[in-house]
Amino acid sequence: MDLKETLLSSYLAFDAQDGPQRKLQDERAAAIEVFEQQGFPTKKLEDWKYTSLRTLTKNDFSVFPKEEVNLKLEEVKPYILQDVDTFKIVFVDGIYNAYLSETTHDGIDVCLLSAALTKRKFAPVIKKYFNQIAEKEASLTALNTAFTKEGAYIYVPEGKVVEKPVQIIHFATDKNPNMILQPRNLIVLEKNAEIQIVERHQSLTSEATFTNVVTEIFTEQNAQLDYYKIQNDNFEASLIDSTYIAQQKHSHAKVHTFSFGGKLTRNNLNFYHKEPEINSTMKGITLIEGKQFVDHHTLVHHAQPNSESHQDYKGIYAENATGVFNGKIIVEKEAQKTNAFQQNNNILMDDKASINTKPQLEIFADDVKCSHGCTIGQLDEDALFYLQTRGIPKKEARGLLTYAFANNILQSVQIDSVKKRINKLIANKLGVNIGFDV
Amino acid sequence: MAYTEEELKKELETKEYEYGFYTDIESDTFPIGLNEDVIRAISARKNEPHWMLKWRLDAYEKFQQMEEPDWANVTYPKPKLQEIAYYSAPKSQVKYDSLDEVDPELLKTFEKLGISLEEQKKLAGVAVDIVMDSVSVATTFKDTLAEKGIIFCSISEAIQEHPELVQKYIGSVIPRTDNYFAALNSAVFSDGSFCYIPKGVHCPMELSTYFRINQAGTGQFERTLVIADEGSYVSYLEGCTAPARDENQLHAAVVELIALDDAEIKYSTVQNWFPGDKDGKGGVFNFVTKRGICHERSKISWTQVETGSAVTWKYPSCILKGNDSIGEFYSIALTNNYQQADTGTKMIHLGKRTKSTIISKGISAGHSQNSYRGLVKVGANAKNARNFSQCDSLLMGNKCGAHTFPYIEAKSKTAKIEHEATTSKIGEDQIFYCNQRGIDTEKAIALIVNGFSKEVLNKLPMEFAVEAQKLLEISLEGSVG
């Protein structure tokens, strides 16, 4: 039985179960139909031209965890930001883990989607926002919708600034091997609200895991979102992350994506502008090796005037790694005075590494400033030589130059402990000791 | 009084196609329809050898299994291939020794286009192989070229007289199965130009062909083959204008360039087919496949100025097979009213130290859609390949669109690739500056558009550059703010 059929038959069992999913019967029924029709995307689709899911979907993944697993703090400590006080929503094999988590309902709601679905007082928010911005015709998003049951739920009321960052962490363990995890996150920022979020997916098993996560984010007027995705999973884990952000007037959404790990990672990051004068920022560092594969698909839909978007993605590909970047900017004819910038720089470190990039502009308005730039190259031999003449060994020199190449992305990271951690990860990856803090 | 944007727009809309006239020459046209018999008839009419007919029939067989592509960013009613006449030739098939013998009607046509043969002969020393509807009717300067051993004739003539060259190279760069329109062209091509430059010969003049669709309802399927043997050089010009007509006309040409070791081919095009009127009615469908292959240390340079056609679908490409070979692509695409253009290039780097440059300038006005679609591909063996691409778009008004779809695929760590694109409009301050120096808005826009396009215009041969500049001005006349 192939994975599509397995999932379709699991759906019947899932649908029959009692649980929070009961509340979403209509949405889920419509979604499973879309998935049944389309199946997993193939390379024939323009959006998946460079990304094949064939190997991944050959695995036999299971939807249901066999047992609930309790993790000791020591086992997972390295994966949780410790040196800063945070709210935490932690899931183990798709099940909420209360012991590792720290949620709140004090002024803001940082809790579980399952709770929000079942409790009456959250019903208006769910009704207004759930599945409103996620692309209904995208088969993998539809698959996630069909299996929606659990995930993070964050609601920040008007004028509220969340004082500490929120960590959303998903662990996969070897007690429940070969799981397909499909968390669904809903994040709503009301007027003038502010929040910082760090999301991470971590596999603790040497078996294959497959995460298909969908996040919907709504930033109302003047809301500020600062979101960090740390993707440093082991070589057996595959991740498909679809994030949809709907922005209202004067809101600013920033998303940083750090892709260092995983076997196959696909990021679909979509910004939709609903009103004028909006700012969107997306930045990323990709640093991969071995046979790793990372694909960034971004979309900024400028539909209203006087908005801005900034994109900056750096990629460093070693050994047999493959990278894909597809950045799409659409400027509708109403969206006059739009400023949209896009930058994608890549370094290929080895002969077997490859990169496919497609920066795409679709512009229907005349009074706009849009530009995109894209480069593929190597480290500057002269700079390398210069450092060597100053007594810095070649390996360190390469490390330093690569670090410098990626560094400007880190400058806009607002949480110090995230910055430190990323610094350390980059240094480890490059096999050098950077020897200074930023 | 200040020249307002409204006025500009109005003028632009009412600007009719300048070259919209129709030459009355008796012609010999096949009944409409496409089938094996038509292909046999075309081949028989041209007295082609058996291998050529077989080649056409094979192409037709493959064509029947193919589907019309729809990935391009254009929408148009699919041409009904069964309602086209596949062959049309002026009846008087005599070859002329001098221009005096040419049908005066025909000469008038060219005069209206501002390219009178005499003038060109005198001024530029251009040998013109005029293709009027599908058959060559006048070839000049042939003797001068023959002295150097250069073959420049119609492709039907080449099939008769140089079958070994045609057989060796036709379809070698663009195989018959390459795409839907290339397959169609391979089956039914009626005529085109053939050019061979022998080893080490530097072609002393610009070779030029003017294409013209003339008979109502005839699709034109040109086939051009240019071969530059080792160490030779040729600059080839291709330009076209077509009379105004209401029904859409299909133009599916195939151009193949072969640059052998150390050779250089410069191929320039000015395309000004009828773009349809201001409501988007009529106009030519221009679905062209152009590709060149570069052997060791050779160079192919494509330059194009695209101002015409209702729908353009065209990607002049280079396969950089030989080490140290160079590919260049310089393009201006201007769309107005309801025109749609999806154009760009493919640079396939296979050899070591291969270089390519892409400069594309898109200008969209009215309700038009203008897309750049390009591919830069660096194979694993293409060590130290280098590419630079720049795609700039200029928008006039908020009813048009400019799109960029660059595909970049690198498989070599030594590749250096740069791509940049910008989209903007003509700055109000730029126009204001010109105004205050006494330059009216219309002239200012022409000035700015010309400046915007300069990098490409500079690459055109002298005579062509003048014409192209004029064409840009005409196409945007009274133009826009």
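In chain B, strand 8 (residues 223-228) and strand 11 run side by side in the parallel sense, paired over six bridges. Strands here are DSSP runs of E with at least two residues, helices are runs of H or I with at least four residues, and both are numbered from the N terminus. Two strands pair if DSSP finds at least two bridges between them. Within this pairing, Val226(B) has Leu257(B) in strand 11 as its bridge partner. Strand 11 of chain B also pairs with strand 13 (residues 284-294) of chain B, again parallel and over six bridges, and there Ile258(B) is partnered by Ile293(B).

Before going on, a word about the model. It is predicted: local features need pLDDT of at least 70, side-chain atom pairs count only at pLDDT 80 or more, and totals for chains, interfaces and linings use all residues. Residues are numbered from 1 along each chain as its sequence is written, while chains are lettered from A and ligands numbered from 1 in the order in which they are written.

Is strand 11 of chain B buried or exposed? Six of its six residues (254-259) are buried, so the strand is largely enclosed by the rest of the structure. A residue is buried if 20 or more other C-beta atoms lie within 10 Å of its own, exposed if 12 or fewer, and partly exposed in between, with C-beta atoms placed from the backbone. Both faces of the strand are covered, with Val254(B), Glu256(B) and Ile258(B) on one side and Val255(B), Leu257(B) and Ala259(B) on the other. For contrast, look at helix 10 (residues 428-436) of chain B: the count of buried residues among its nine residues is zero. Just after this helix, Gly438(B) takes a positive phi of about 90 degrees.

Now to the interior. In soluble globular proteins, nonpolar side chains tend to be buried together. A nonpolar core is a set of buried Ala, Val, Leu, Ile, Met, Phe, Trp, Tyr and Cys residues joined through C-beta atoms within 7 Å. The largest one has 211 residues, and Cys195(B) and Ile265(B) have the most contacts inside it. Helix 11 (residues 441-457) of chain B gives this core its largest share, seven residues. Leaving aside neighbours within four places in sequence, Ile265(B) is in contact with residues including Val226(B), Leu257(B) and Ile300(B); contact means that the C-beta atoms, placed from the backbone, lie within 7 Å. A second, separate core of 14 residues includes Leu7(A) and Phe35(A).

Where do the two chains meet? The contact takes 31 residues from chain B and 32 residues from chain A. Strand 23 (401-410) and strand 24 (416-425) of chain B each supply at least two residues of the side that touches chain A. Strand 24 of chain B is also joined by seven bridges to strand 20 (residues 369-377) of chain A, and the two run antiparallel. In strand 24 of chain B, Glu418(B) is the bridge partner of Thr375(A).

Finally, consider chain A itself, with its 10 helices and 20 strands. Of its 438 residues, 50% count as buried. Its domain assignment, which is automatic or from a database, gives domain 1 (3-275) and domain 2 (382-438). The C-alpha centres of these two domains of chain A lie 31 Å apart, and their contact takes 12 residues from domain 1 and nine residues from domain 2.

Terms used
Contact = placed C-beta atoms within 7 Å.
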